[in-house]
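Hello,

Here is the structure I said I would pass on.

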Amino acid sequence: MNPLKIIEKYYDKNSNLYDILVRHSIKVCEKALMIADKHPELHVDRKFIKEASMLHDIGIFKTNAPDIECYGTHEYIEHGYLGSEIVFNEGYPRHALVCERHTGMGLTLEWIIESNLPVPHRDMMPVSIEEQIICYADKFYSKTKFDNEQSVEKILSKLSKYDENQARKFIEWNERFG
């Protein structure tokens, strides 16, 4: 499987949005593989991490986020499940789960309902070790400052704005993967 070929079906290779998506995804991929290499005891599937980390944000083009060249009709928080539908329809159900489950530190059904989020009512929490590593690695890179890895403090500050459970989950994974 070549993730760039899938991305190129939905993104103009010569567009700023393609560049934003691919540059961000490469950074997430590099961080996720670094974590995998640091923790051989976890027995992660490196090939899967390479592929899924490149596809995790494929749904952003369907959202309205002009600061990153996205002019779709959906809210940004929806990009995970929207990307999941794309990747599932491409024939990669396991990769699709990474798309769906990487938003924040994952979304619980309870939090989705409680916060009235515009996403399907189902649990969207990272389950496999690969899903967890990609979700964790993603928090270190924005789509506007590609080369600047965010600090743990900045990530915690952002996550805490939404929900203390998100910050607690990040702390737990930082102890495990950091």
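T63 touches C70, Y71, G72, T73, H74, E75, Y76, H79 and L82, leaving aside residues up to four places away in sequence. Please keep in mind that this is a predicted model. T63 sits in the loop between α3 (46-55) and β1 (64-65). Is T63 buried or exposed? Its relative accessibility is 0%, and buried means under 20%, so T63 counts as buried. The side chain of T63 also has a polar atom 2.7 Å from the backbone oxygen of I60.

Now for the chain around that residue. The protein chain has nine helices and two strands, and along the sequence they follow the pattern α-α-α-β-β-α-α-α-α-α-α.

On overall dimensions, the C-alpha trace spans about 40 × 35 × 30 Å along its principal axes. A compact globule of 178 residues would have a radius of gyration near 16 Å, and the protein chain agrees with that because its value is 15 Å.

Taking contacts between residues at least 6 apart in sequence, 62% join residues at least 24 apart.

Finally, surface and charge. The protein chain exposes about 8,800 Å², with carbon and sulfur atoms supplying 50% of it. There are 23 positive and 29 negative charges in the protein chain, and their mean positions are 4 Å apart.

Best wishes

Terms used
Residues numbered from 1 in each chain as written. Predicted model: local features only at pLDDT ≥ 70, side-chain atom pairs only at ≥ 80, totals over all residues. Heavy atoms only, no water. Helix = DSSP H or I, 4+ residues; strand = E, 2+ residues; numbered from the N terminus. Rg over C-alpha atoms; globule rule 2.2 N^0.38 Å. Contact = heavy atoms within 4.5 Å. Areas by Shrake-Rupley, 256 points an atom, 1.4 Å probe, with all protein chains shown as cover. Lys, Arg positive; Asp, Glu negative; His and termini not counted. Charge placed at Lys NZ, Arg CZ, Asp CG, Glu CD. Buried < 20%, exposed > 50% of the residue type's maximum accessible area, 1.4 Å probe, protein only. Polar contact = N/O pair within 3.5 Å; in protein donor to acceptor, adjacent residues only side chain to side chain.
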